[in-house]
Amino acid sequence: MPHPGQSIAHLAIRGYQLTLSGLIGRQCRHLPTCSDYTDEAIQRHGFWAGGWMGAARICRCGPFGTSGLDLVSETLPETAAWYKPWAYGRWRGVNAPAIICEAVEPDGG
């Protein structure tokens, strides 16, 4: 069962998605969007850690920031602690799955 803070944050984010987000248009440079990312981070890691992860993501989503596929990490960073909340967020780069390409030998016929 989610903590009340997580439920309130989810409702606030969902309210934003259904109202303001539609009025200002799609501005996010990432997939999933910053609001979806923040919602998932809060649901997965709690309000404090997930909120900081979402704040870091929103700061990266600008003209000189990152773009592309950026997924919520499965685990919290080892250096993160409640008393240094900035360590929860990824302030540079994206968390995209590695793309592995394998060479295929052509048929020698």
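Contact here means heavy atoms within 4.5 Å. By that criterion, and leaving aside neighbours within four places in sequence, aspartate 70 is in contact with His30, Leu31, Pro32, Tyr37, Arg57, Arg60, Arg90, Val94 and Asn95. The structure is a predicted model, in which local features need pLDDT of at least 70 and side-chain atom pairs count only at pLDDT 80 or more, while totals for chains, interfaces and linings use all residues. Residues are numbered from 1 along each chain as its sequence is written, and side-chain values use heavy atoms, with hydrogens and water left out.

- Aspartate 70 is found in the segment after β2; helices (H or I, at least four residues) and strands (E, at least two) are DSSP runs, numbered from the N terminus.
- Aspartate 70 is buried, with a relative accessible area of 0%; buried means under 20% relative accessible area, exposed over 50%, and partly exposed in between (1.4 Å probe, protein chains only).
- The side chains of aspartate 70 and arginine 57 form a salt bridge at 3.5 Å, N to O, where a salt bridge is a side-chain nitrogen of Lys or Arg within 4 Å of a carboxyl oxygen of Asp or Glu.
- Arginine 57 lies in helix α4 and aspartate 70 in the segment after β2, so this pair ties together parts that are 13 residues apart in sequence.
- Arginine 57 is buried, as is aspartate 70.
- A salt bridge of 3.0 Å, N to O, joins the side chains of arginine 60 and aspartate 70.
- This pair links distant parts of the chain, with arginine 60 in helix α4 and aspartate 70 in the segment after β2, 10 residues apart.
- Arginine 60 is buried, with a relative accessible area of 3%.
- Salt bridges link Arg57, Arg60, Asp70 and Arg90 in a network.

- The whole structure contains five salt bridges.
- Arginine 44 lies in helix α3 and glutamate 74 in the segment after β2 (68-69), so the two residues tie together parts that are 30 residues apart in sequence.
- Arginine 44 is partly exposed, with a relative accessible area of 34%, whereas glutamate 74 counts as exposed at 62% relative accessibility.

**Nonpolar core**

- The largest nonpolar core has eight residues: Tyr37, Ala41, Ala49, Met53, Val72, Ala80, Ala87 and Tyr88.
- Helices α3 (34-45) and α4 (47-60) each supply at least two residues of this core.
- Such a core is a set of buried Ala, Val, Leu, Ile, Met, Phe, Trp, Tyr and Cys residues joined through side-chain atoms within 4.5 Å.
- In soluble globular proteins, nonpolar side chains tend to be buried together.
- Tyrosine 37 touches Pro32, Met53, Gly54, Arg57, Arg60, Asp70, Leu71, Val72 and Arg90, residues up to four places away in sequence not being counted.

- The buried residues of α3 are Cys34, Ser35, Tyr37, Thr38, Asp39, Ala41, Ile42 and His45.
- These buried residues pack against α1 (4-18), β1 (30-31) and α4.
- Isoleucine 42 lies in helix α3 and counts as buried at 4% relative accessibility.
- Not counting residues up to four places away in sequence, isoleucine 42 touches Gln6, Ala9, Ile13, Phe47, Gly50 and Gly51.
- Isoleucine 42 and histidine 3 are 39 residues apart in sequence and 10 Å apart in space, C-alpha to C-alpha.

**Backbone features**

- Most residues other than glycine have a negative phi, and most peptide bonds are trans.
- Leucine 31 and proline 32 are joined by a cis peptide bond, with omega about -10°.
- Proline 32 is found in the loop between β1 and α3.

**Nonpolar surface patch**

- Tyr16, Leu20, Leu23 and Ile24 form a nonpolar patch on the surface, with about 430 Å² of accessible area together.
- Patches are made of residues with over 30% relative accessible area and no salt bridge, like charges being joined within 9 Å and nonpolar side chains (Val, Leu, Ile, Met, Phe, Trp, Tyr) within 5 Å.
- Accessible areas come from the Shrake-Rupley method with a 1.4 Å probe, and for residues only the protein chains shown count as cover.
- Helix α2 (residues 20-24) gives the most to the nonpolar patch, with three residues.
- Leucine 23 is found in helix α2 and counts as exposed at 73% relative accessibility.
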